[in-house]
Amino acid sequence: MTSPMTRRANFAVLMGAAFATGLRPASAQTVPWSSGTESSTITMPPGATDCHHHIYDARFPAAPGATLRPPDASVADYRLLMQRLGLTRHVVVQPSTYGVDNSLLVQSVKEFGPTARGIAMLDAAVTAEELKRLDAAGIRGVRFGTRLPGGAPITDMVPVARKIADLGWHIQLVSDGDKIVELADTLKGMPVPVVFDHMGHLPEPAGPDHPGFKVIADLIDKNGAWVKLTGVYLLSKVGPPTYADRSRLARAYVQLAPERLVWGSDWPHPTSPADAKPDDAVLLDLLANWAPEEAVRNRILVANPTKLYGF
């Protein structure tokens, strides 16, 4: 992984080359809730997709019992991140903050337009009519979690999965590695694919040696599961810029099944303190370490999201 100093040196070389050829270089871009200002050093292919970010707006009420209540992070703010990183498409994920009230999610996806898709939170009471409405609004999956209060109980996951199967949606699961092991039989019996948030939250220092990795690998092989290469900063004990421990886990997934991986920023990094947000360009540049071959990176950034979210 390139150090911050090397990144700045490379950036200066690129700027000099741009002036020498008469091109106007892109200016540094400050983005709310993201440290740093540089763009990614990876050349973004057309259709490059951020498959995991959130929108927050205090005008929308938080769910009863929700404990994660970060400051506002708007559609306009996120567009600045897209510009900075050279992203084309993206997936808005319902946070635990709003539980099963997806009003802000639907409004945000509509405001973003056809470049966006959404992942909702729903409970077992959801009707066929509501699912049809959400599908037309660009929603493509339902998120369940066991880590934070908010959203539907995990016991609603299978009933909801049965209701969304005919839509071609998936279940997105944010859960700790130990809980994934506990849920293994349930996940194997799901009628829809499962997408694992944040690399399955497999703990360090075990990483790919954790029993949850084998559960996820089996689900990829036999049930068409997916993994999001997101949240690398969440459980890292090494930290930036290399996140070497989580990078070991990410490389294991790339070696295992690059055709079942997508990347995401996790902007605005709601669990990180306001004065300690990660650098999203560094997070994106990690892909060059995890998947050195450009064709593999482009698959993770473009082809896989196209298939999973129906872009």
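The 31 positive and 31 negative charges of the protein chain have mean positions 3 Å apart. Here Lys and Arg count as positive, Asp and Glu as negative, and His and the chain ends are not counted. Each charge is placed at NZ of Lys, CZ of Arg, CG of Asp or CD of Glu.

This is a predicted model, in which local features need pLDDT of at least 70, side-chain atom pairs count only at pLDDT 80 or more, and totals for chains, interfaces and linings use all residues. Residues are numbered from 1 along each chain as its sequence is written, and side-chain values use heavy atoms, with hydrogens and water left out.

### Overall build

The protein chain has eleven helices and eight strands. These are DSSP runs numbered from the N terminus: helices are H or I with at least four residues, strands are E with at least two. The radius of gyration is 19 Å, which agrees with the value near 19 Å for a compact globule of 311 residues. That radius is taken over C-alpha atoms, and the globule rule is 2.2 Å times the number of residues to the power 0.38. Along the principal axes, the C-alpha atoms fill a box of roughly 60 × 45 × 35 Å.

Of the 311 residues, 54% count as buried. Buried means under 20% relative accessible area, exposed over 50%, and partly exposed in between (1.4 Å probe, protein chains only). Among contacts (heavy atoms within 4.5 Å) with a separation of 6 or more, 76% join residues 24 or more positions apart.

### Cores

The largest nonpolar core has 80 residues. Such a core is a set of buried Ala, Val, Leu, Ile, Met, Phe, Trp, Tyr and Cys residues joined through side-chain atoms within 4.5 Å. Ile 171, Leu 229 and Tyr 253 touch the most other members. Helix α10 (residues 280-290) gives the largest share of this core, seven residues. A second, separate core of nine residues includes Val 93, Ile 119, Val 195 and Tyr 309.

Beyond its neighbours within four places in sequence, Leu 229 contacts residues including Met 199, Tyr 253, Trp 263, Leu 287 and Ile 300.

### Helix α3

Helix α3 (residues 103-112) has these buried residues: Leu 104, Leu 105, Val 106, Ser 108, Val 109 and Phe 112. They pack against β1 (49-53), α2 (75-85), β2 (89-93), β3 (116-120), α4 (128-136) and β4 (139-145). Just after α3, Gly 113 takes a positive phi of about 90 degrees.

| Residue | Loop | Relative accessible area |
|---|---|---|
| Phe 60 | between β1 and α2 | 19% |
| His 201 | between β6 (194-196) and α8 (211-223) | 3% |
| Val 232 | between β7 (226-229) and α9 (244-256) | 4% |

The contacts below leave out residues up to four places away in sequence. Phe 60 contacts Tyr 98, Ser 103, Leu 104 and Gln 107.

His 201 touches Arg 147, Val 174, Ser 175, Asp 176, Gly 177, Leu 234, Leu 235 and Arg 246.

Val 232 touches Met 199, Tyr 243, Arg 246, Leu 283, Leu 286 and Trp 290. Val 232 and Arg 246 are 14 residues apart along the chain, and their C-alpha atoms are separated by 5.8 Å.
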